Structure formats: C-alpha cells, structure tokens
Amino acid sequence: MQDVPYSDAPAACVSDRSPARHSPAWSVVDILALYALPFNDLLLRAHQTHRAHFYPNTMQLSTLCSIKTGGCPEDCAYCPQSARYKTGLKADKLMPLDEVLMAARTAKANGATRFCMGAAWRNPKPRQLAPVLEMIRAVKALGLETCATLGMLDGEAAQSLKSADLDYYNHNLDSSPEFYETIISTRTYQDRLDTLKIVRDAGIKVCCGGIVGMGESREDRAGLIAQLANLDPTPESVPINHLVRMPGTPLAEAEPLDLFEFIRTIAITRITMPQAMVRLSAGREQMSEAVQALCFFAGANSIFYGEKLLTTGNPQAEADRALLDKLGIRADAHTSKEGA
Ligand code: SAM
Ligand code: DTB
Ligand code: SF4
C-alpha cells in the first residue's frame, strides 16, 4: 500500500518506487488517492520525485517520422490512419530510405537526439521489415537514438530489430483494460502485453504509454497508470498522449478533458514511475504554453519535436525552442541523475 497522503518531508523521504523492484504493486485505489490530492500537493510531490531522479531543467527531444502512413487494417477509434474511417487521409507506400535519412538529418540539425519511425501496420511482415531495418541502421549511423513503432511483433521480428541496433520500441497500452475494449476490437490488451514482453525479452528498451481524453473515466486513467507502473521492469519511456480529435474517427466529438486532469495524469505518471522518461506527447499543439510548463513542472521531461507528429500537427520547432528558453530548460539527451 502506498504512502499516498502528502507529507512535507523533503524529496529524499517521499516514498517512491524503484522500477527495478516490483512489490508491492501500485493499485488503482492507490492511484485514485493520488488523483484526489489537492492539485498543489500533487504537483509538489511529483516535482520532488522528478528532482530526486532527473536534472529538472533538461528536456529530451524526439522527432517522429511516419514511414508508412494510412491504410491500417486496425480499428483504433482515435486513429486517423485506420482504413475503416473516412478521414481524408491518403494511404502511402513505405517512404524511401533517402527521404527518411533526409528527415533524420534535419531532425538532428534542429537538435533532436532521437528519431522515431512509425508505420500504420497491424504487424510488420518479414518483407516489410527488411527495409525498415536498413532505415534503423542508417539513422543510427547519423548518431541519433532510434525508436520504431510498427504494431505487434513476434520474437523473430523483435530479434531482427535488435540486430539492427534499435534502441526503443514504442507500443502503447492506450487505456485501462476495461475502456480499451470500447476503443479497439481488432487486437486485445493481452496482444499488446505480449508484444511488450517480446520487446523486453529481445533486449530493446520499452516506450509504452497511452491516450487520455477519449471519454474514459478517472478510474480508467488510474487503471492505465497502474498497468504501466506494474510492468516489470517499468518502461524506460512513457508517452502520455492527449487525444487529437480527428474528423471522421469515432472519437471526433469526444468531450475534451479538463487540462488540470491532464496535468494530474502527468504528475501521477511521474510519481508512480520515478525513473521513466515521461513524454508529453500528442495534443501539445492544443495546449497553452502555461499548461505545458505545468506539465514540465509535474515531471514531463521529453517531448516530440518538429512540426508534425505522424499525421497531425505539433508546435513549430522554433516555438518549442523559444518556450524552453523562456523556462530556462536545456535540450539534452541525458536528463537522468542515475546516468541512464
Ligand atoms: N500502428 C502502430 C501501433 O498502433 O502500435 C504504431 C503507430 S500508432 C499511431 C502510435 C500511438 O499513437 C497509438 O498507440 C496512440 O497512442 C497514438 N495516437 C494515435 N492517434 C492519436 C490521436 N488522434 N491522438 C492522440 N494519440 C494518438
Ligand atoms: C506515441 O505514444 N505518440 C506518438 C508516438 N507514440 C508514435 C504518436 C502520436 C500520433 C498522434 C496522431 C497522429 O499524428 O497521427
Ligand atoms: Fe493502425 Fe496504429 Fe492507428 Fe491503430 S493506432 S489504426 S494500429 S496506425
């Protein structure tokens, strides 16, 4: 059971969980108790946790590149890339290697340290994976960290990604097991947990998070965080996406989430996964600078950087640089005090 109520103890005395050990688990009830804290108490606790593990005035920058856009057979209700919804998005073929490399060089020149390649696949077939392995090797050779998000993996695919020296694989749990069933029917929660285990077993670092603002309850948000925090070991990177409501998708008219609830979600992600990089992911374009600054105070220390996510907009790189400057935050790949 967690020591949930806020205490005025200094950072070192605040009870946090090491990702290396996993019992006792964070329960949904523990996490709901964190949600119920007064906002300022929750933020202070999250910030103290953050400072205990990371240099607080640093930010890791990753740039996304959609190497295969649209035409996806899955039915994720939030996603403009599903072939099942009329979103006006045209399905593209796999991006050629030279274009991917051009995007990676630009990302590096702009200050990104990680390049994340995303494909709208249910899972990559061996003949689809081969050119992606080439991309990963070539991007790595530019001196960037690599990340890929290609859908479900089997052991063989994970091994070949590992042989290409992939650093991170992104595969999200998206929501609580209960709410998940209402947004995706073409792959199960267990399928996602299986892929995460396969990635971990192949020795690739795990980037795993979810989306909020899909009409889920607070209990569902707590359920997602409990699932993530109880993965053993916990993910190295946890993206928290705010739904970007895309016309034509079933969630186009979802009720927007109160942004204080979003900031609380970031804070609780930080408290329950003290050593993970917490990534303030999709939806930043719709957030004011002040909201983003509060997310950074609450423990977010990584953002997607560059004017586009996969298919939707993101703040201009110049605007992000100006925001980080105003806040005295420095871009840095190494933000952890533990040298991770
Ligand atoms: N197809 C792969 C898969 O689903 O694993 C990889 C790409 S998929 C677009 C990666 C993640 O982007 C999803 O798991 C979801 O969390 C997030 N995402 C997709 N559409 C979004 C939207 N409209 N708003 C916020 N996040 C979104
Ligand atoms: C993640 O959790 N968020 C990123 C990344 N992983 C691949 C993707 C966000 C996509 C937002 C919708 C779009 O641009 O299509
Ligand atoms: Fe396909 Fe991924 Fe979009 Fe789901 S989230 S529809 S799997 S691209």
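I call a residue buried under 20% relative accessible area, exposed over 50% and partly exposed in between, with a 1.4 Å probe and protein chains only. The model is predicted, so I took local features only at pLDDT of at least 70 and side-chain atom pairs only at pLDDT 80 or more, while totals for chains, interfaces and linings use all residues. Residues are numbered from 1 along each chain as its sequence is written, chains are lettered from A and ligands numbered from 1 in the order in which they are written, and side-chain values use heavy atoms, without hydrogens and water.

Entry on Thr269. I found Thr269 in helix α9, residues 259–272 (helices are DSSP runs of H or I, at least four residues, numbered from the N terminus). Thr269 counts as buried because its relative accessibility is 0%. I then listed what Thr269 touches (heavy atoms within 4.5 Å): Ile225, Val238, Ile240 and Val278, leaving out residues up to four places away in sequence.

Entry on aromatic pairs. I searched the whole structure and got two (ring centres of Phe, Tyr or the six-membered ring of Trp within 6.5 Å; planes under 30 degrees apart are stacked, over 60 edge-to-face, the rest tilted). Phe39 and Phe260 are edge-to-face, at 5.3 Å between centres and 85 degrees between planes. Phe39 is in helix α2 and Phe260 in helix α9, so this pair ties together parts 221 residues apart in sequence. Phe39 is buried at 18% relative accessible area, whereas Phe260 is partly exposed at 49%. Tyr180 and Tyr189 have centres 5.2 Å apart and planes at 85 degrees, so they too are edge-to-face. Both tyrosines, Tyr180 and Tyr189, are buried.

Conventions:
Helices (H or I, at least four residues) and strands (E, at least two) are DSSP runs, numbered from the N terminus.
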